[in-house]
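Subject: The structure you asked about

Hi,

Here is the structure, ready for you to open alongside this note. Below it I have written up what turned up when I went through it.

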There are 2 protein chains.
Amino acid sequence: MDYFQKIKLIREQMQLAGIDAYIVPSSDPHASEYLPDYYKTRAWLSGFTGSAGTMVVTQDIAALWTDGRYFIQAAKEIDGTDIVLYKLGEPLEPTLTAFLYEHLNEGDTVGFNGFQMMTKEAENISIALIDKNIHIDYTSNLIDKIWLCRPYLPCEKIIIHDVKFVGETSKDRIERVRGAVKNLGANCHLISKLDDIAWLLNLRGNDIPNNPYFLSYLFIREDDAILYVDPLKLNNRIIDHLHQAGVKVKLYEDLLLDLEELTCQHAICIDKAATPYHVYNVLKAKAKVIDRVNPTTLFKAIKNTTEIQHLKACYRNDGVAMVKTLYWIHKHIGKTHITECTVDEILTKHRKKLPHYYGKSFDTIAAYKDHGAIMHYKATEESAYVLEPKGLFLLDSGGQYHTGTTDVTRTLALGPLTDQEKSDYTLTLKAMMALSKTIFLENATGTHLDTVARMHMWAHEMDYKSGTGHGIGYFLGVHEGPQRISMHPSDAALMPGMVVTNEPGVYRAGQHGVRLENTLLVVPHTSNEFGHFFAFETLTKCPFDCNAIVKDMLTTEELLTLNTYHESVYQALHKDLTTDEQQWLREKTMPL
Amino acid sequence: MDYFQKIKLIREQMQLAGIDAYIVPSSDPHASEYLPDYYKTRAWLSGFTGSAGTMVVTQDIAALWTDGRYFIQAAKEIDGTDIVLYKLGEPLEPTLTAFLYEHLNEGDTVGFNGFQMMTKEAENISIALIDKNIHIDYTSNLIDKIWLCRPYLPCEKIIIHDVKFVGETSKDRIERVRGAVKNLGANCHLISKLDDIAWLLNLRGNDIPNNPYFLSYLFIREDDAILYVDPLKLNNRIIDHLHQAGVKVKLYEDLLLDLEELTCQHAICIDKAATPYHVYNVLKAKAKVIDRVNPTTLFKAIKNTTEIQHLKACYRNDGVAMVKTLYWIHKHIGKTHITECTVDEILTKHRKKLPHYYGKSFDTIAAYKDHGAIMHYKATEESAYVLEPKGLFLLDSGGQYHTGTTDVTRTLALGPLTDQEKSDYTLTLKAMMALSKTIFLENATGTHLDTVARMHMWAHEMDYKSGTGHGIGYFLGVHEGPQRISMHPSDAALMPGMVVTNEPGVYRAGQHGVRLENTLLVVPHTSNEFGHFFAFETLTKCPFDCNAIVKDMLTTEELLTLNTYHESVYQALHKDLTTDEQQWLREKTMPL
């Protein structure tokens, strides 16, 4: 079926259902960023495959909203359709709600799948349209009726995340959440977010590529908890594990039936931003709703001492795989046929040998020359450049291990560089080191700390169109909140035990890209009359490429920081390297 | 009447009116920060005289909320009463709404004067109490009934702010606002904010000390506008001026009567955060309400070329008064009896001689030794220290001129300093210069830029418990939004033409305070593939005290910045100084 057939069918279904505007969001019922194929409804209908974007269809127009990461890709992928592309964040473009307001008449109906739209977003749409008396239909799931060869829901096996890696039993974690929920005045708690559930239960799955989650809901009550999940994903060991945590198992589909049983005696804590509108409508009709961010979100962001100990080893090991790969490139560049894809294969081969390896944490970005300027580039056999002994090569990758989730970027000088390439590299290094070394006050958020890195770019009349960093899970999502480091407003203070990436960059479209990324752990620094101060400890162990550095651009203090870091990299890694690799790393980490 | 008599009377009135909790806010009907005496109801009832604070009275308890600036002062002023002090921003203290929620029973009534509470705040209270079915009484003005010797409403004369200082007629300003209002889908606009009205009409008043406003409302319609104001404040020239701008005059009290005449054909633009709840209730019953920040707020924040030209001269002149005062202190310290009050008198005497002077822009903070650590210290004849030739003296002051509003702080070494005093001074200077010299991207807000200054403190495990700077009016409020530079989240981007202060500091309670404050103008810097970049131009012309500087703590670049600034100060000011003053300034501004 091509786009025009699909859009014709959905418009027929809209007429049958009395729907004037149909919204096709980019979500599963769990507010996931990355989706199982089954839920890629917007990608199926529009042809745009990016991870963020919402489509709206009326009888006259089809429109798509996406953000800055995807403007180019979306335009390319919807070429040949009649879809109008609207760019989020561009002040002159209508927002989705403004579009709906303009295109709908008094008394019209807006439809969407109430399992694929979270409550907060649905309420925002509802509020924006309030004076047009618009009806909301969240139960007519029109895509279901026209997507015939739809992929099945995933059904991958669940595994136990051993308590030796975690330092806290599932029972204790649930008890902590139960206490927090009680403090909010609630007596039960529904969690829809998959990473929260996986963390709480010390279980991992494989339903979404690179994200070790399993589709489920968890309903926590005062005396027990129920996991709604496809039982085919379980085995007796897991059922036993759940039993020890006081968790019963029911069918994934049974959630709504059980929620129907709630009464006005129930005060249920949910997060409207991560609870499907359909589910919300069922429970709000029965029980008192308390809308809060899941207590799990903050608990899981703050890594405990066991997790931190494993994370340090994990990042060290990951550094070994990185160094072996960098050495391999050094050894073969200009001699062997190496493409962007080859590097990904070599790196993955080395990671697979590491203890507790589970898989990639995201699709490797191996980007040579102008590909480096595409922030989320993914090499294919067709697109992949052959690496030559010149210019910049950007390598952004990570692994999932039982002992943590890694994310590291290095940009390499494959040979001679232009002055601009060198100065872009050095500036990025300065920005990155500034953030790594900063001391900051309790209650500072990533909005404040973003400036510490970005101001180095601004001083040279430059900028990067991304955040400086993101939170990162522990054998969970490579993007994990609540903390992040970006210009976006945030009320999530950086607290000891949190882990964030630090990845400024320079992107020159059509030319090259530089990104340098270390992962940082927030640690206590000192307390005095002015307050409590925190600092960062760098987890990543991997050398920077001194061939790309303009030494004169670094201050004495920056040189010291770089040299100290390089020495720590050598000391941490050399024992696990061959003699040749060792010698190469020794040279790469010599004081500048 | 003492506190206990007052609280007894108000509780009697509450019983008569059927009110279970009575809120006494700190506002006039115009969301003013500083109030005419008539509206200082909370100060009268509680005894706490700070500029921010809200009191709640029930039959059992009286409570007061205030912010960090006033914790010490409030505790002192309510000593001897039974008022419970709650500190805003302390996580363990109940918020006002949480307090009300806890202390009220189902079906109870909350009361307040609907002219002294803005709509947004009233709605927040209402939403927080929604599930307790609480009734809101905003018309029983209980303080009116018990405050017998209450001050009259002010009735100071209004003056014209000549168009030569402003570069734009009132007619043109109103037309600009009318266009913006139309774009928001409204056909009329009620402004309650006094600075917005004064700016729009090119008029100034004197109803509030240091703030050149006059109590009024302005109602802008498609073809005309009505100023609601006490006619005793006007003369024929002003009536003529208003006539030329298409503005009619009615009695201040007539507003509500006129709003009663609105119909469903009216779409009225108001700012709920600056419209009294009483007024809102009248107009929402009649017309369609569009809630937006007044367009005036942004228009007035961006100074035009005429204003900028006058501002530069104004700040230069203000610098002359400052330098004459600093020289006078230098000349007399250790020889004459000088108190904190004396300095204020001398400085004010010099400012009064300057062209277009109107008055102070705020109460001078002249603070010696440990008084400098009190952020809003005001010297009285009783409290004032005698200045001696040692230690730090902090002087924060400003003037109102027809050509602008100034705000400048210098901290002086009156003689020998301790090492800590010197290093605190130098650190403050570093932080201040860093912000002054920063280049930043379009869309950056004061939340992002606050870090540029504050990180210098953090690097030394220090901090200041205030924002780094605030917007400032043009012959208007010394605090003016929407922009400010602070850790608080803000969506107000810094735009060319905006003026902000830059005033980091170090405050050591019981020891000393350092604050250095320049006023900055946002100017365009450059545009390229990365975006539009802005920078700051320093308006303030006044030397720093090199005797307080630890030269080794400054980088080469910082020394250059300081020396260049000092040379510009000398060049700007020396012609208006006596020979002795000139010579002194020459020495004070020699390259370090």
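Predicted model: local features only at pLDDT ≥ 70, side-chain atom pairs only at ≥ 80, totals over all residues.

Four strands of chain A make an open sheet, ordered S21-S28-S27-S24, and their pairing is antiparallel. At its edges lie strand S21 (440-441) and strand S24 (499-502) of chain A, each of which pairs on one side only. Inside the sheet, strand S27 (residues 518-528) and strand S28 (residues 531-538) of chain A are joined by eight bridges in the antiparallel sense.

S21(B) pairs with strand S28 (residues 531-538) of chain B over two bridges, in the antiparallel sense. One residue pair to look at there is Leu441(B), whose bridge partner in S28(B) is Phe533(B).

Now for how the chains are arranged. Two copies of a chain are related by a rotation about an axis and a shift along it.

Chain B brings 30 residues to the contact and chain A brings 29 residues. Between them they bury about 2,600 Å², and carbon and sulfur atoms give 63% of that area. Trp458(B), Glu461(B) and Phe530(B) supply 27% of the area that chain B buries against chain A, more than any other three residues.

Twelve residue pairs are in polar contact between chain B and chain A, with both residues at pLDDT 80 or more. On the side of chain B that touches chain A, at least two residues come from each of strand S21 (440-441), helix H17 (446-459), strand S25 (505-508) and strand S27 (518-528) of chain B. H17(B) gives the largest share of that side, eight residues. Sorted by class, the side of chain B that touches chain A holds 16 nonpolar, seven polar and seven charged residues.

Last, the charged pairs. Side chains of opposite charge can pair when their charged atoms come close. Two salt bridges are counted between chain B and chain A. The side chains of Glu529(B) and Arg508(A) meet in a salt bridge, at 3.0 Å from N to O. Over all chains, the whole structure has 70 salt bridges. One of them joins Asp196(A) and Lys300(A), with their closest N and O atoms 2.7 Å apart. That pair links distant parts of the chain: Asp196(A) sits in helix H9 (residues 194-201) of chain A and Lys300(A) in helix H13 (residues 295-301) of chain A, 104 residues apart.

Note on methods. Residues numbered from 1 in each chain as written. Chains lettered and ligands numbered in written order. Heavy atoms only, no water. Pairing = 2+ DSSP bridges. Contact = heavy atoms within 4.5 Å. Buried area = accessible area lost by both parts, 1.4 Å probe. Salt bridge = Lys/Arg side-chain N within 4 Å of Asp/Glu carboxyl O. Polar contact = N/O pair within 3.5 Å; in protein donor to acceptor, adjacent residues only side chain to side chain. Nonpolar A, V, L, I, M, F, W, Y, C, P; charged D, E, K, R; others polar.
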